[in-house]
Amino acid sequence: MKNRSVIDFDNVRFCYDEVCAIRNINFSIEENTITSIIGPNGGGKSTILKLLSGLLSPDRGTVSVNEKYTIGYVSQISDFDLSFPITVLDMVLSGTLCRQIKPFCRYKSIQVDKAHDSLKRVGLGGHGNRGINQLSGGELKRAVIARVLASDADIIVLDEPDSSLDVDAARDLYGVLSDLKRDKTILIASHHLNEVLDISDQVLYVMSDARMFRSPGEVKKMLGGGIIL
Amino acid sequence: MINAILNYSFMQNALMAAILASIVTGIIGTIAIEKKLISMSGGIAHASFGGIGFGYLIGFEPIWGGLFFAVGSSVLISRLSKNTKMKADTMTGILWSFGMALGILFIALTPGYMPDMTSYLFGDILSVSNNSIIYMALFTLVIVVVFLMLYNHMIVYLFDEEYARARGMNTKLLEWIIYIMIPIGIIVLIRIVGIILTIALMTIPVSIAKLFCKSIKRVIVLSSVFSAVFSLIGLTLSYYLNIPSGACIIIFSTLVYLIILAVKHGIQKKFHEQKVHAND
């Protein structure tokens, strides 16, 4: 039976000043699937993820996300200030913080337990008291995913989660993401095609416009022609 | 020194001012460093000079004029950098000089003897009046209460603004609060170290605390402690040697920072070498 659609892009266009990153994009994403978004640099992968997460608004067209679903956004690792004094547990705990800004919004023990559980789920149990600058690149990425898990987001959006990771760390990360597919809808923008295609159900090839491939095999066949992303 | 604190009200005021400024340093300094707003804070501090001069010209308490100009320039930098293509850094540079120029002009236009501006420019902890203590306490209270009320949301915003926005938090509200809290904090610090040296007091204690802490709560507490210690040592040196207090505080804290940095670097290097030898 076909899963229901949770994300719909309908004729979406977005331009940074006079340069259009994406034009006339149409696609739908079903729940509990992994979709990889691939394409060359500047093709519009990050723009799609930001539109989806509400960080950008489309110039034209509509981006609809089923209102019952919440989104957890994981930005590129280079966006983090590693000198920020925060422990891994505090960072993950921030995923459970109420969205509405209310005075004296404090963490309860149930939220702390959830943060610990999320860390265990990504294989970082026992790392909670470390500073974020004491983690390796792969561990930090997993910690950021733990923050999204703690937030109970139904849709996880990851922008190049494997950038600056070595092969083993990237494989570990994709193992974690693959396990999450049972109850999450996941979108991953990446350049590491072999790893990301192995765990994907479908692929969105973006280069200003977008082509949806229902099977990663089709993309591998197309890329066999020597396209460098 | 203890006798002086017990017997002279100006020394009691100086002690109270040092404590209040230290609390402000811990909170505002940490926010400014983590949000990379140190350069903007320098611009705000200097722009406040225009308001201080305006206070002298019109004949009201100069520090209220300073507060008005500081908050105004902070909001202006924030809005223009968001809504136009002008970079915050450029706007900061313009307001930095414009505020100083206005201050000089207003003071020159003030009838009668030209007032002594050195305490505003370089700070004078020994000349803090009872009135100044009242407004410093009021501003510090506002900063502490607002920060404690919004602590957890503020930390998420400071650490990862993009995540906070994607999660649906009202980051614009937090930004407005920060852009108003920083100038209020700067006005408190101006009485201690002056407009020109404020940035040093905002950054040095926090930078030292960051060398030892991996949690922001600890950074805030430890930087407040460092700031209090530096201010009190500066106050003591200033009292006994009859030298400018603001300069004493900043020179002493800078030296301490450099020494701690060198010692920590040396220890880390030695530790690394031992580890390499052990692996060999």
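Me: How does helix 3 of chain B pass helix 5 of chain B, in a left-handed or a right-handed crossing?
Reply: In this predicted model, helix 3 of chain B crosses helix 5 of chain B in the left-handed sense.

Me: What makes helix 3 of chain B roughly parallel to helix 5 (residues 88-109) of chain B?
Reply: The two helices pack at an angle of about 20°, and their axes are 7 Å apart. Angles under 35 degrees count as roughly parallel, so helix 3 of chain B is roughly parallel to helix 5 of chain B. The residues of this contact divide into 17 nonpolar, 11 polar and 1 charged.

Me: Why is helix 3 of chain B called roughly perpendicular to helix 10 of chain B?
Reply: Helix 3 (residues 38-58) of chain B and helix 10 (residues 171-210) of chain B pack at about 100°, with 9 Å between their axes. The range for roughly perpendicular is 65 to 115 degrees, and therefore helix 3 of chain B is put down as roughly perpendicular to helix 10 of chain B. From helix 3 of chain B, the residues in the contact include B:Ile38, B:Ser41 and B:Phe49. From helix 10 of chain B, they include B:Ile182, B:Pro183 and B:Thr203. By class, this contact has 12 nonpolar, 6 polar and no charged residues.

Me: How do you know that B:Ala228 is buried?
Reply: A residue is buried if 20 or more other C-beta atoms lie within 10 Å of its own. B:Ala228 has 20 such neighbours, so it counts as buried.

Me: Where is B:Ala228, and which residues is it in contact with, leaving aside its neighbours within four places in sequence?
Reply: B:Ala228 lies in helix 11 (residues 216-241) of chain B. With those neighbours left aside, its contacts are B:Ala18, B:Ile19 and B:Ser22. B:Ala228 and B:Ile19 are 209 residues apart in sequence, but their C-alpha atoms are 5.8 Å apart in space.

Me: How many residues of chain A are in contact with chain B?
Reply: On chain A, 23 residues are in contact with 23 residues of chain B. The side of chain A that touches chain B has 12 nonpolar, 7 polar and 4 charged residues.

Me: Which residues meet between helix 3 of chain A and helix 4 of chain A?
Reply: A:Lys114, A:Ala115, A:Ser118, A:Leu119 and A:Arg121 of helix 3 of chain A meet A:Ala146, A:Leu149 and A:Ala150 of helix 4 of chain A. By class, there are 5 nonpolar, 1 polar and 2 charged residues in this contact.

Me: Why does A:Lys141 count as buried?
Reply: A:Lys141, in helix 4 of chain A, has 28 C-beta neighbours inside 10 Å. The cut-off is 20 or more, so A:Lys141 counts as buried. Its C-alpha atom is 9.5 Å from that of A:Ser75, 66 residues apart along the chain.

Me: Why are strand 2 and strand 4 of chain A called edge strands?
Reply: The open sheet has 3 strands in the order 2-1-4, with antiparallel pairing. Strand 2 (19-30) and strand 4 (60-65) of chain A each pair on one side only. Neighbouring strands of this sheet are turned by 15° against each other on average, direction ignored.

Me: How do you know that strand 1 and strand 4 of chain A pair?
Reply: At least two bridges are needed; strand 1 (residues 5-16) of chain A and strand 4 of chain A have 5, in the antiparallel sense. A:Asp10 stands opposite A:Thr62 in strand 4 of chain A.

Me: Why does strand 4 of chain A lie largely in the open?
Reply: Of its 6 residues, the number buried is 0, so strand 4 of chain A lies largely in the open.

Methods
Residues are numbered from 1 along each chain as its sequence is written. Chains are lettered from A and ligands numbered from 1 in the order in which they are written. This is a predicted model: local features need pLDDT of at least 70, side-chain atom pairs count only at pLDDT 80 or more; totals for chains, interfaces and linings use all residues. Helices (H or I, at least four residues) and strands (E, at least two) are DSSP runs, numbered from the N terminus. Axes are lines fitted to C-alpha atoms, for helices over the stretch in contact, and angles run from 0 to 180 degrees between N-to-C directions. A residue is buried if 20 or more other C-beta atoms lie within 10 Å of its own, exposed if 12 or fewer, and partly exposed in between; C-beta atoms are placed from the backbone. Two residues are in contact if their C-beta atoms, placed from the backbone, lie within 7 Å. Ala, Val, Leu, Ile, Met, Phe, Trp, Tyr, Cys and Pro count as nonpolar, Asp, Glu, Lys and Arg as charged, and the others, Gly among them, as polar. Angles under 35 degrees count as roughly parallel, over 145 as roughly antiparallel, 65 to 115 as roughly perpendicular and the rest as oblique. A crossing is left-handed if the near helix is turned anticlockwise from the far one by less than a right angle, and right-handed if clockwise.
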